[in-house]
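Please walk me through the structure shown below. I am new to it and would like a plain account in running paragraphs.

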Amino acid sequence: MAKAGEFARKVMSGNRCAVIADETSARLFGDRISESLTAEKFSPHLVRIPVGEKSKSLTQVERICDELIQAGLDRNSFVVGLGGGVIGDISGFVAAIFQRGISHIQIPTTLLAMVDSSIGGKTAVNLDAGKNLIGAFHHPALIIADVEALESLPRQELRQGYAEIIKHAIIRDSEMFQALSSRAQVEGSRCATLKLSWRDPSTVARDDGFVSLIRRNIAIKARIVSADVREISGERALLNFGHTVGHAIERATDFKIPHGDCSSIGMVAACGISIKRAGLSSQERDDVVSLLKQFQLPTQLPTEVDREKIAAAVAHDKKFLGGKIRFVVTPRIGDAHVSNDVTMKDIREAIENL
Ligand SMILES: NC(=O)c1ccc[n+]([C@@H]2O[C@H](COP(=O)([O-])OP(=O)(O)OC[C@H]3O[C@@H](n4cnc5c(N)ncnc54)[C@H](O)[C@@H]3O)[C@@H](O)[C@H]2O)c1
Ligand SMILES: [Zn+2]
C-alpha cells in the first residue's frame, strides 16, 4: 500500500482521482493511500460510505457521482476502490459509468476481495429485487493486494475468504486441497489446545505459506476469468460451485447468514449431487466436509431453516437458463464441470440431507 502511488503512476496519466472506501477501510488505510498517491503528484479525494452490503445501492452510486463532480473529477480521472468486496463492486460500477467510464484501481483489504471479488471485472449494485442485479463488466487497470492489510481483519471475515479458497481447491487444485487439509490438521490441534482459531490474523503478513496461498488463489481466479472474460464460454461458471444452493440459502434466510458460510453449506450439497451425477466418491465428499469444518465453516443447515423455501429459491436462480438446470459438479477433487443432468429432484434431495 505504501507503494500504491508508484504502481498507479505506471498505469494512470490523469492526476485527479477519488479513493472510495467504507468507514472502516477509510479509517485504517485512507491516509496511507492518500499520502502515497500525493507523493506521486496525484490529487486524491477520499469518498467515505457506510459499512455494509446496504451501501451497494443506486442511491449511493448517485451520491458518489455527485461528490466526484464536485471534487473536480473528469474523463481523465480515475477511481480507487479501497476496501472489501462491497467497495470493490460499487467503486468499480461508479468507474464503469462515470463520464461513460473511467479507469479503476482495486485495493482489496479483505481476504475474500483479494482472492475473489477484485479479480474478473464484475462490478455491481443491488436492487430491492435482489443482489447484483445492476452492474457492468469493467476490468481494473491495476489490483494492489497488500497482505498486511489483513492483520486487522476479524476472524469471521477471514473465514469468508477461506470458503472461496476451498472452492478454488475443489474445482481446480487438488494439491492445494491436500496442503490445506494437512496444514489445517496441524493448526487444528493447536486450536484445540491454545483455543485459537485456525489462524492468528496478527501474524498473517509474516507467514510465507499464507502469502503463497493468496498468490495461488489469485492465479486460479485470474486463469479462469481470463479464459472467459465476459462469462460466455462457460469456464467462469465453474466459480459457481456450491453457489447455486449457497445463494438460495442467503436469500431464504434474508442474508442473515454470511455469504461464505452459505457457500460452504452449498458446497456440501454440491458434493452430494456430485456423488450421484458425476461419480464423486463419498470419501472425497467427507474430505471436503472435514476441511470446511477445520476452517470453522458450517456444513449443515441450521435446523430452523425451512428447506422448502431454499428449494423454491433455487428454482428462481438466474443460472437456470431457458428452463434448463446447469449445475456445477465435481467428479474428483481438483476438477469440475457444468452438468445438464442435474434435476430439481436431485437438488431438493441434497437440501433435505443438509
Ligand atoms: N465482483 C465479484 O466478482 C464478487 C465476487 C464475490 C463477492 N462479491 C461481493 O463482495 C461483497 C462481499 O465482500 P467482503 O466479504 O469483502 O465484504 P465487505 O466489503 O463488506 O467487508 C467485510 C467487512 O470487513 C471490513 N474490512 C474491510 N477490510 C478490513 C480490514 N483490512 N480490517 C478490518 N476490517 C476490514 C469492512 O468494513 C466490512 O465491515 C458482496 O457484496 C459480494 O456480492 C463480488
Ligand atoms: Zn462466493
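Why is H10 largely enclosed by the rest of the structure? Of the 20 residues of H10, 14 are buried, so the helix is largely enclosed. Buried means under 20% relative accessible area, exposed means over 50%, and partly exposed lies in between, with a 1.4 Å probe and protein chains only. Helices (H or I, at least four residues) and strands (E, at least two) are DSSP runs, numbered from the N terminus.

This is a predicted model, in which local features need pLDDT of at least 70 and side-chain atom pairs count only at pLDDT 80 or more, while totals for chains, interfaces and linings use all residues. Residues are numbered from 1 along each chain as its sequence is written, chains are lettered from A and ligands numbered from 1 in the order in which they are written, and side-chain values use heavy atoms, with hydrogens and water left out.

H10 covers residues 259–278, and its axis comes within 7 Å of the axis of helix H6 (residues 155–172), crossing at roughly 30°. Axes here are lines fitted to C-alpha atoms, for helices over the stretch in contact, and angles run from 0 to 180 degrees between N-to-C directions. The crossing of H6 and H10 is left-handed, meaning that the near helix is turned anticlockwise from the far one by less than a right angle, whereas clockwise would be right-handed. On the H6 side, the contact is made by Arg159, Gln160, Ala163, Glu164, Lys167 and Ile170, and on the H10 side by His259, Gly260, Asp261, Ser263 and Met267. Contact means heavy atoms within 4.5 Å. Sorted by class, this contact has 3 nonpolar, 4 polar and 4 charged residues. In that count Ala, Val, Leu, Ile, Met, Phe, Trp, Tyr, Cys and Pro are nonpolar, Asp, Glu, Lys and Arg are charged, and the others, Gly among them, are polar. Just after H10, glycine 279 takes a positive phi of about 80°.

Glutamate 164 in helix H6 and histidine 259 in helix H10 are 95 residues apart, and the pair links distant parts of the chain. Glutamate 164 is buried at 1% relative accessibility, while histidine 259 is partly exposed at 23%.

The whole structure has 19 salt bridges. In one of them, glutamate 235 pairs with arginine 172, the closest N and O atoms being 2.7 Å apart. Glutamate 235 lies in the loop between helix H8 (208–226) and helix H9 (243–252) and arginine 172 in helix H6, so the pair ties together parts that are 63 residues apart in sequence. Glutamate 235 is partly exposed, with a relative accessible area of 25%, and arginine 172 is partly exposed at 30%.

Another salt bridge joins lysine 345 to glutamate 349, with the closest N and O atoms 3.9 Å apart. Both residues lie in helix H13 (residues 344–352), 4 residues apart, about one turn of the helix. Lysine 345 is exposed at 57% relative accessibility, and glutamate 349 is partly exposed at 34%.

A network of salt bridges links Glu53, Lys56, Asp89, Lys131 and Glu250. Lysine 56 sits in the loop between strand E2 (43–49) and helix H3 (58–70). Is lysine 56 buried or exposed? Lysine 56 is buried, at 4% relative accessibility. Leaving aside neighbours within four places in sequence, lysine 56 is in contact with Val86, Asp89, Ile90, Ala124, Val125, Asn126 and Asn132.

Valine 342 belongs to the loop between strand E9 (337–339) and H13. Valine 342 is buried, with a relative accessible area of 3%. Not counting residues up to four places away in sequence, valine 342 touches Ile273, Arg277, Ile325, Phe327, Val329 and Ile347.

Key
A salt bridge is a side-chain nitrogen of Lys or Arg within 4 Å of a carboxyl oxygen of Asp or Glu.
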